[in-house]
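Colleague: I have the model open and would like to go through it with you. Can we take it piece by piece?

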Amino acid sequence: MDGAFILGSARCGSTLVSDIMNLHPDLLSLSEILSTAASRALLPGRISAARFWRGLAEPNPTGMLIGNPAQAPKEFLYGRVANPRHDTWRCPPILAVALPHLTDTPDDLFDWLGTKVLRQPVQPVAAHYGDAFATLAHRMGRKAWVERSGGSVVATRTLARLFPRARFVLLTRDGPDTALSMRDYPATRYSIHMERRLRRIGVDLLHPDRHYGRARFWPWLERAASLLPQQSLVDRPPDLALAGAFWSRMMRQGVAEFLRLPEERRMHLSYEALVQEPEVQIARLGRFLTGAAPQDWIAQASRLPQARPSRAASLPKAERQRLEAACAPGTRALAALA
């Protein structure tokens, strides 16, 4: 079964795109599977089905810190499930967002999927994901799957190599507004602070080949970090310039890798264009992902995008200029997509 990935920096409108895709009759919209698998998301080499399923089914330190009802009440969909079988503070990663996005009974779907996944042979992680996603798509009556995880633009090179038949949509949003939103959101605050701290000891959270979730040392490092106080990294907003520089590096790296893909495998989607002309952009998205954009779907989905005022524009002039300067390298990278 063919699949696709929505690439983005986080806080760029990807949740909206997930909701739009979830309305398409042929698409299985998978939200935050890679991001919630955290350090075990894209481990190299061949792995057993049991090891793969542990990455989706066993709580991890990062998820418990930043993916819980207190830190992400809107995005943490399992927190809204009636009578959940699992502790919402120690939630299986795939139950945090992905399965409640698909059904009102995610615990039942979780149990069923586990029995299917554990039957798979030892194989590369991409094959495990492909099997699991196709299994879910068949169960839900869909013809293709699309995975969307916040921050996935960092893994563009990895995903393109692991999934040579997949298509990729790069979702972008104005840099200063995105960076400001990242600064104010607990999960991305944590990422910004951790990226800076790890660089001091020679570890690169955003390395195109050894990024978080790809290299074998990440699960070990995640466990070690969990033994130290980390709540301040979630609670304390980083400096505006630090947030802007973090966004810039993600976009410079991600755009460069995205443009190396064959044209037939890639599509750029601007959040601003999606809000300004939803019918046009939603139709483009549907045709790119499935070859079809049903009018009923366009009409229903086009009601979702809502225009919002720019938060960055309302900053004091000096702060806005600092933020714009930090975002400038990423903004220049986006110009290459025009």
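Colleague: Let's start with Arg11. Where is the place of Arg11?

Modeller: Arg11 is in the loop between strand 1 (3-7) and helix 1 (14-22). Keep in mind that this is a predicted model.

Colleague: What is the phi of Arg11?

Modeller: Arg11 has a positive phi of about 60°, although it is not a glycine.

Colleague: Is Arg11 buried, partly exposed or exposed?

Modeller: Arg11 has a relative accessibility of 27%, so it counts as partly exposed.

Colleague: And Glu32, what is its phi near?

Modeller: The phi of Glu32 is near 60°, again a positive value in a residue other than glycine. Glu32 lies in the loop between strand 2 (27-31) and helix 2 (33-37).

Colleague: Buried or exposed, that Glu32?

Modeller: Buried, with a relative accessible area of 17%. The cut-off for buried is under 20%.

Colleague: What does Arg148 touch, not counting residues up to four places away in sequence?

Modeller: Arg148 touches Ile6, Ser14, Thr15, Ser18, Leu30, Ser31 and Glu32. With Ser14 there is a polar contact of 3.3 Å between the side chains.

Colleague: Which strand does Arg148 lie in?

Modeller: Strand 5.

Colleague: New topic, the nonpolar part. How many residues does the largest nonpolar core have?

Modeller: The largest nonpolar core has 84 residues. Phe5, Tyr129, Leu159 and Phe168 are those with the most contacts inside it. Its largest share, nine residues, comes from helix 13 (residues 240-258).

Colleague: Which residues does a second, separate core include?

Modeller: That second core has 26 residues, among them Ala144, Leu285, Trp297 and Ile298.

Colleague: Back to Phe5. What is Phe5 in contact with, leaving aside neighbours within four places in sequence?

Modeller: Phe5 is in contact with Leu34, Trp145, Val146, Glu147, Leu159, Phe163, Ala166, Arg167, Phe168 and Val169. Phe5 also belongs to a cluster linked by ring pairs, together with Phe52, Tyr129, Phe133, Trp145, Phe163 and Phe168.

Colleague: How many aromatic pairs does the count come to?

Modeller: The count comes to 10 aromatic pairs. One of them is Trp145 with Phe163, which is edge-to-face, at 6.1 Å centre to centre and 75° between the planes.

Colleague: Why does that pair tie together parts that are 18 residues apart in sequence?

Modeller: Because Trp145 lies in strand 5 (residues 144-148), while Phe163 is in the loop between helix 8 (156-162) and strand 6 (167-172).

Colleague: And Trp145, buried or exposed?

Modeller: Trp145 counts as buried, at 3% relative accessibility. Phe163 is buried too, with a relative accessible area of 8%.

Colleague: What about charges over rings? Which ring does the charged end of Arg139 sit over?

Modeller: The ring of Trp112, 4.5 Å from its centre. The charged end of Arg173 sits over the ring of Tyr271, 5.4 Å from the centre of that ring.

Colleague: On to salt bridges. How many does a search of the whole structure find?

Modeller: The search finds 16 salt bridges. One of them joins the side chains of Asp209 and Arg161, at 3.3 Å from N to O. That pair links distant parts of the chain, 48 residues apart: Asp209 is in the loop between helix 10 (186-200) and helix 11 (217-226), and Arg161 is in helix 8.

Colleague: Is Arg161 buried or exposed?

Modeller: Arg161 counts as exposed, at 61% relative accessibility. Asp209 is partly exposed, with a relative accessible area of 30%.

Colleague: One more. Which residue does Glu195 form a salt bridge with?

Modeller: Glu195 pairs with Arg249, and their closest N and O atoms are 3.1 Å apart. Glu195 lies in helix 10 and Arg249 in helix 13, so the pair ties together parts that are 54 residues apart in sequence.

Colleague: Buried or exposed, Glu195?

Modeller: Glu195 counts as buried, at 5% relative accessibility.

Definitions and conventions. Residues are numbered from 1 along each chain as its sequence is written. This is a predicted model: local features need pLDDT of at least 70, side-chain atom pairs count only at pLDDT 80 or more; totals for chains, interfaces and linings use all residues. Side-chain values use heavy atoms; hydrogens and water are left out. A nonpolar core is a set of buried Ala, Val, Leu, Ile, Met, Phe, Trp, Tyr and Cys residues joined through side-chain atoms within 4.5 Å. Buried means under 20% relative accessible area, exposed over 50%, partly exposed in between (1.4 Å probe, protein chains only). Helices (H or I, at least four residues) and strands (E, at least two) are DSSP runs, numbered from the N terminus. Contact means heavy atoms within 4.5 Å. Rings of Phe, Tyr and Trp (its six-membered ring) pair if their centres lie within 6.5 Å; planes under 30 degrees apart count as stacked, over 60 as edge-to-face and the rest as tilted. A charge sits over a ring if NZ of Lys or CZ of Arg is within 6 Å of the ring centre and within 35 degrees of the ring normal. A polar contact is a pair of N or O atoms within 3.5 Å; within protein, one must be able to donate a hydrogen and the other to accept it, and residues adjacent in sequence count only if both atoms are side-chain atoms. A salt bridge is a side-chain nitrogen of Lys or Arg within 4 Å of a carboxyl oxygen of Asp or Glu.
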